[in-house]
Amino acid sequence: MYELKRVITIAGAAAQGSAGIQADLKTFQECDVYGMSVITATVANNSQTKQGIFLREIEEIEAQFYAAKEMVGFDALKTGMLFSKEIIEKVSELLRSTSVPYKVIDPVMIGKMGSQLLSDDAIEVFKEKLIPQATIITPNRLEAEKLLDRKIVSDLDDLKLAAKELYLLNPQSVLLKGGEVKGQAIDIYYDGEILEVLEMPMIDTIHTSGAGCTYAACLTAELAKGVDIKAAIRTSKQFVHAAIQHSISFGQGIGSVRHGALRQKK
């Protein structure tokens, strides 16, 4: 009998559907794993209300986690937007309480529209309590700059150095999403011994909302299925590349990646 792997995401919900919990669950479905969620906040930036980020109560976050754990269980989990110091501390405690074998920590800090998705006082707590639990961390270059408190040049040598510096924060491995270098979308994988550069042609589009979440979600799903981490990264890069290549514009600013593109556009 086919065993469906179980994956949970602990992250914010994006009202417009392109990123966060929504992107994760769409990606899990495409990757044929059973997806669950713990919603930490709702991101709903708009022109009609003053507040665009609504945090969930710690008690609710904890309840969601235990409901999924007790009723279904986990083969892998990922974290996304956690925002506050208090939420990070609680999520760190919850992760320590479970023996799930794969923990993908995506340090979501800055939204595509420039909104800050991690408070300043939370960064040190994130580094101290959450990163050391990670099977792999998946920061982009701007997030890596915040974690390392230094500028990272869009240059292959500096990206390699930054990946090694991120590894000193004590995750098991690092996937640094480096962005564009000489027309290529560059990622750097480092596990303390092996350093691997992954590249695919850069796609000229602004419609990339949800790309980082989607990449990390696919990686989480592949790890849950028992795929080797480097093979899982390569699959995930192909998945998100197709999602960006066939992205969706709604005529209102930055559009969404197409989560089903790899399947639909074959």
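The model is a predicted one, so local features are taken only where pLDDT is at least 70 and side-chain atom pairs only at pLDDT 80 or more, while totals for chains, interfaces and linings use all residues. Residues are numbered from 1 along each chain as its sequence is written, and side-chain values rest on heavy atoms, with hydrogens and water left out.

The C-alpha trace spans about 50 × 45 × 45 Å along its principal axes. For 266 residues, a compact globule would have a radius of gyration near 18 Å, and the chain agrees with its 17 Å (taken over C-alpha atoms; the globule rule is 2.2 Å times the number of residues to the power 0.38). Of the 266 residues, 52% are buried, where buried means under 20% relative accessible area, exposed over 50% and partly exposed in between (1.4 Å probe, protein chains only). Contacts (heavy atoms within 4.5 Å) reach well along the sequence: among those between residues at least 6 apart, 65% join residues at least 24 apart.

Most of α7 is covered, with 13 of its 14 residues buried. Just after the helix comes Gly 226, which takes a positive phi of about 85°.

Turning to the aromatics, rings of Phe, Tyr and Trp (its six-membered ring) pair if their centres lie within 6.5 Å; planes under 30 degrees apart count as stacked, over 60 as edge-to-face and the rest as tilted. The rule gives three aromatic pairs. One of them joins Phe 65 and Tyr 66 edge-to-face, at 5.5 Å centre to centre with 80° between the planes. Phe 65 counts as buried because its relative accessibility is 0%, whereas Tyr 66, at 28%, is partly exposed. Another edge-to-face pair is Tyr 167 with Tyr 190, 5.3 Å centre to centre and 80° between the planes. This pair links distant parts of the chain, as Tyr 167 sits in helix α6 (residues 156–167) and Tyr 190 in strand β8 (residues 184–190), 23 residues apart. Tyr 167 is partly exposed at 25% relative accessible area, and Tyr 190 is buried at 12%. Phe 65 and Tyr 66 also belong to one aromatic cluster with Phe 74.

Note on methods
Helix = DSSP H or I, 4+ residues; strand = E, 2+ residues; numbered from the N terminus.
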